[in-house]
Amino acid sequence: MALASGVRFAARALLRPWALLRGTTLGRTEPAAGGGGDGARRFGSQRVLVEPDAASGVAVMKLRNPPVNALSLELLTELVISLEKLENDKTFRGVILTSDCPRVFCAGLDLTEICGRNPAHCAEYWKAMQELWLRTYLSSLVLVAAINGACPAGGCIIALSCDCRVLADNPKYRIGLNETLLGIIAPFWLKDTYVNTIGHRASEQALQLGSLFPPAEALQVGLVDQVVPEDQVQSTALSEMARWLAVPDHARQLTKNMMRKATADRLLRQRDADTQNFVSFVCRDSIQKSLQAYLEKLRQRKG
Ligand SMILES: CC/C=C\C/C=C/CCC/C=C/CC(=O)SCCNC(=O)CCNC(=O)[C@H](O)C(C)(C)COP(=O)(O)OP(=O)(O)OC[C@H]1O[C@@H](n2cnc3c(N)ncnc32)[C@H](O)[C@@H]1OP(=O)(O)O
């Protein structure tokens with residue numbers, strides 16, 4: 001499914017050389033764990049490990065940005081590059097997105113990217129977040145989220161951009177858009193994604209309360225499609241992938257586009273305004289104070 005040329009252009013403009021080169025091993029391949037035949041060679045970058053299996057046409061893409069897979073500018077950039085590489089390789093039809101960090105799928109935005117940062121950096125950062133959402137939400141691939149840890153806010157939106165979600169049955173692994181608890185709000189395209197997944201009334205309540213749902217409630221409200229024992233998340237994601245890949249790609253892709261294009265177009269039509277809204281909102285003194293206080297609280301929790 002071709003993204004609007006504007007998005008492709010934005011992606012290329014965004015993927016500045018330094019972001020590609022900083023500590024990454026993009027393009028370098030190494031044997032996947034356990035060897036494997038042709039096409040089983042890992043590739044990726046410092047923060048994203050891709051384990052492709054050409055025989056099945058399925059790749060496992062692991063977020064590897066310890067300790068909590070916070071969505072730094074580099075991680076956002078490397079995720080977009082890795083996804084684009086798999087989309088351009090017709091060997092692959094599906095990607096399982098999961099975490100290489102224990103206990104956490106993805107902690108959402110890296111708050112250090114917007115706390116105490118200048119407006120130009122916040123704008124660049126937010127464009128990268130927009131780009132990752134557009135890439136995952138509109139991907140021609142089948143994307144299955146194997147959620148093997150906590151999945152708040154930005155992590156939740158990446159999981160919701162996938163076609164389906166399998167969550168480990170651990171009460172500590174909560175999922176949801178908790179922005180209001182930080183004193184901020186989810187922008188319209190995060191809200192739209194939530195509404196498209198769990199409905200308007202459930203989204204209205206969960207967004208205002210900043211709800212983080214434990215697995216049983218996440219399943220009940222429809223945030224996730226399956227809740228399984230932790231050691232069955234990856235195998236269940238593979239089974240779910242097989243179910244989706246049994247459908248002819250073209251028909252499935254056209255249907256996915258029919259379902260999602262209007263939501264994505266809403267951001268594409270006002271991408272610059274959204275960025276300006278984000279920057280003027282997060283750069284307010286009051287918001288900066290809220291975010292700093294929240295980060296401090298996080299850092300003190302271990303004390
Ligand atoms: C008009 C309006 C227009 C636009 C709207 C604008 C809106 C702004 C953008 C809205 C969208 C926001 C989406 C987001 O993602 S906001 C971020 C929300 N994320 C969270 O709330 C998660 C916070 N983290 C946690 O809850 C826990 O860390 C977690 C459960 C993930 C893991 O717990 P664990 O105990 O395993 O680890 P910790 O000890 O808590 O953390 C380890 C270290 O990592 C640091 N950390 C954690 N999360 C983040 C983060 N999101 N960003 C940066 N750093 C993070 C934490 O401080 C610890 O650091 P050290 O102490 O080791 O230095």
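A salt bridge here means a side-chain nitrogen of Lys or Arg within 4 Å of a carboxyl oxygen of Asp or Glu. Keep that in mind for the first view, and note that everything below comes from a predicted model.

**View 1. Arginine 47 and glutamate 78 meet through their side chains in a salt bridge.** The N to O distance in this pair is 2.5 Å. Arginine 47 belongs to the loop between β2 (41-44) and β3 (48-53), while glutamate 78 is part of helix α3 (residues 73-88), so the pair ties together parts that are 31 residues apart in sequence. Side chains of opposite charge can pair like this when their charged atoms come close. Counted by the rule above, there are 16 salt bridges.

**View 2. The ligand sits in the largest pocket.** Two elements each give two or more residues to the shell around the ligand: α11 (271-282) and α12 (285-300). In total, 30 residues surround the ligand, and the closest are Ala107, Leu109, Gly154, Tyr294 and Arg301. Sorted by class, that shell holds 20 nonpolar, 4 polar and 6 charged residues.

View 3. As for cover, the ligand taken alone exposes 1200 Å², and the protein buries 82% of that.

Technical notes:
Residues are numbered from 1 along each chain as its sequence is written. This is a predicted model: local features need pLDDT of at least 70, side-chain atom pairs count only at pLDDT 80 or more; totals for chains, interfaces and linings use all residues. Side-chain values use heavy atoms; hydrogens and water are left out. A residue is near a molecule or strand if one of its heavy atoms lies within 4 Å of it. Accessible areas come from the Shrake-Rupley method with a 1.4 Å probe; for residues, only the protein chains shown count as cover. On a 1 Å grid over the protein atoms alone, a cavity is a set of points where a 1.4 Å probe fits but cannot get out, and a pocket is an open set with protein on both sides within 12 Å along at least five of seven lines; lining residues have an atom within 4 Å of a point. A molecule sits in a cavity or pocket if more than half of its atoms lie within 2 Å of its grid points. Helices (H or I, at least four residues) and strands (E, at least two) are DSSP runs, numbered from the N terminus. Ala, Val, Leu, Ile, Met, Phe, Trp, Tyr, Cys and Pro count as nonpolar, Asp, Glu, Lys and Arg as charged, and the others, Gly among them, as polar.
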